[in-house]
Amino acid sequence: MAGLHTSLRPQPPSSAANHHSFTAKLLLLLTLLPLTLALFAFLLQWRGGGVDDPISRWSPDESHKFPGMDSSPLATVGHSVSHSSDCSTLLGHSTASFPYFRDWKFKFDADLKPKICITTSTSASLEQILPWMFYHKVIGVSTFFLFVEGKAASPSVSKVLESIPGVKVVYRTKELEEQQAKSRIWNETWLSSFFYKPCNYELFVKQSLNMEMAIVMAREAGMEWILHLDTDELIHPAGAREYSLRQLLLDVPRNVDMVVFPNYESSVERDDIKDPFTEVSMFKKNYDHLTKDTYFGMYKESTRGNPNYFLTYGNGKSIARVQDHLRPNGAHRWHNYMKTPNEIKLEEAAVLHYTYAKFSDLTSRRDRCGCKPTKEDVKRCFMLEFDRAAFIIASTATEEEMLNWYREHVVWTDKTINLKLSRKGILTRIYAPMTIIQGLRESGIFRTIIASAQESLSKDKFLASIESSNSSVKAADAGSTVLHRSRKIGRDRESQSTARKVLETTTPYIFLEEAVPPLSPPGMDGGLTIES
């Protein structure tokens with residue numbers, strides 16, 4: 001009975017009840033905490049509540065700007081955009097591709113330091129030129145000197161280019177060729193070994209002559225640095241405190257005259273690339289950025305049976321300070337008439353060269369050159385061995401044979417080899433350029449620029465400009481045929497030699513070392529070579 005009586009007494013609360021109470025309180029706390037944090041975040045982002053939005057501090061009117069944003073064509077297309085409008089209004093998109101900057105505009109009157117310009121000789125289309133140009137605007141380039149011909153000189157392309165602030169378009173006309181025939185470097189020995197040869201040699205001479213004119217234009221525009229770059233090349237300013245060519249050059253000592261960017265070469269992983277700038281992220285590093293043991297130890301795997309480590313050139317590109325007596329030294333280097341330039345080579349920054357990144361590059365190079373597809377004749381046209389082999393294949397093989405050759409020699413399909421070379425540091429992934437260009441494309445800036453250029457001309461004026469341009473091109477072609485063939489291709493050497501002798505009487509030769517051509521990387525013999 002005692003035991004039964006004891007069991008019937010009221011018992012204190014059990015441990016299970018205590019645990020249930022604790023769990024309920026914990027759930028309540030976990031429910032209230034996210035709600036409180038969400039409310040706090042809302043208050044921080046509420047612009048009308050007296051709390052500054054940190055993002056709003058990054059406006060173009062402040063000292064902290066995204067490199068190169070001052071130099072966008074939005075200054076020309078946003079005529080009616082007020083300073084208080086946001087990116088979505090400016091670009092016609094609901095979502096800004098660069099979310100860290102409000103009211104970003106591109107002002108050319110801003111005091112950008114240092115002032116950088118790029119010169120190029122191109123026949124490319126807007127689809128290639130605009131992404132190339134605006135990418136370099138983003139990283140700090142403000143001025144472009146475009147020497148155009150072919151498709152780039154057509155009214156539909158050139159009118160758009162001319163509408164962009166900071167862009168100077170120079171057409172290849174009879175007058176330009178006559179002016180360059182009297183230029184200083186045309187009458188000096190260091191470039192003469194490239195005369196009277198077609199295709200790549202002719203292009204190399206054109207580039208050098210255009211670079212000489214660009215130096216004068218750069219001085220007149222108050223530029224501090226000048227860079228020669230092709231439209232299939234992008235500067236990758238790695239190693240700077242921010243992804244900015246301006247910042248990179250600000251850190252260069254004042255006594256340095258020239259900075260060399262070693263080139264990386266695109267390593268495509270598919271044969272159907274359409275837009276290399278936004279589809280290619282894998283690159284083969286330059287030998288200057290590798291140890292000798294790694295470079296030569298993995299040379300066979302890196303070349304994959306091709307003539308050299310790189311498909312094309314391996315000696316990079318350089319940027320020079322704009323100063324007295326500056327001259328080009330071929331398309332890859334600059335020089336000075338009065339001194340040997342003080343040159344440095346960067347350890348991280350590079351030129352990204354998107355070479356043969358599209359299958360169509362095989363046929364486009366073939367169509368630009370009239371050489372015979374023989375081993376002997378292609379030596380007159382191309383400086384590098386891979387270019388010669390590609391030209392012969394494109395000229396003699398069927399479409400299917402060309403595609404198979406392209407896959408074997410250009411496309412990196414073996415993932416095992418890719419992984420091995422990546423672990424050794426020979427192959428590397430670089431995403432910044434494709435991210436920037438994709439962001440620009442999604443923002444609608446390219447469409448806006450094209451539409452603005454077309455709208456700026458009335459229909460009658462636009463048609464008149466096309467007619468006038470076509471007639472001038474025909475006249476220039478008719479008037480410059482003899483000069484073009486005799487001076488560049490050398491079909492009339494006697495008349496050209498006479499003209500050169502006349503020029504020699506007033507401008508004597510200056511003995512200088514030869515121009516620096518595109519050079520292949522070192523082979524297994526350790527030498528940097530150009531095939532003769």
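Visitor: How far apart are the sulfur atoms of Cys-371 and Cys-381?
Guide: They are 1.3 Å apart in this predicted model. A disulfide is a pair of cysteine sulfur atoms within 2.5 Å, so Cys-371 and Cys-381 form one.

Visitor: Is that link left-handed or right-handed?
Guide: Left-handed, with -70 degrees about the S-S bond.

Visitor: And what does the pair tie together?
Guide: Parts that are 10 residues apart in sequence. Cys-371 lies in the loop between H14 and H15, and Cys-381 is in helix H15.

Visitor: Is Cys-371 buried or exposed? What about Cys-381?
Guide: Cys-371 is buried, at 9% relative accessibility. Cys-381 is buried too, at 0%.

Visitor: OK, next. How many disulfides in total?
Guide: The count comes to 2. Cys-199 and Cys-369 form a disulfide as well, with sulfur atoms 1.7 Å apart.

Visitor: Where do Cys-199 and Cys-369 sit?
Guide: In distant parts of the chain, 170 residues apart. Cys-199 is in the loop between helix H8 (189-192) and helix H9 (200-220). Cys-369 is in the loop between helix H14 (360-367) and helix H15 (378-381).

Visitor: Why is the disulfide of Cys-199 and Cys-369 right-handed?
Guide: Because the torsion about its S-S bond is about 85 degrees.

Visitor: Are those two buried or exposed?
Guide: Cys-199 is buried, with a relative accessible area of 14%. Cys-369 is buried at 9%.

Visitor: What's the pairing in sequence order?
Guide: Number the bonded cysteines along the chain and the pairing is 1-2, 3-4.

Terms used: Residues numbered from 1 in each chain as written. Predicted model: local features only at pLDDT ≥ 70, side-chain atom pairs only at ≥ 80, totals over all residues. Heavy atoms only, no water. Helix = DSSP H or I, 4+ residues; strand = E, 2+ residues; numbered from the N terminus. Buried < 20%, exposed > 50% of the residue type's maximum accessible area, 1.4 Å probe, protein only.
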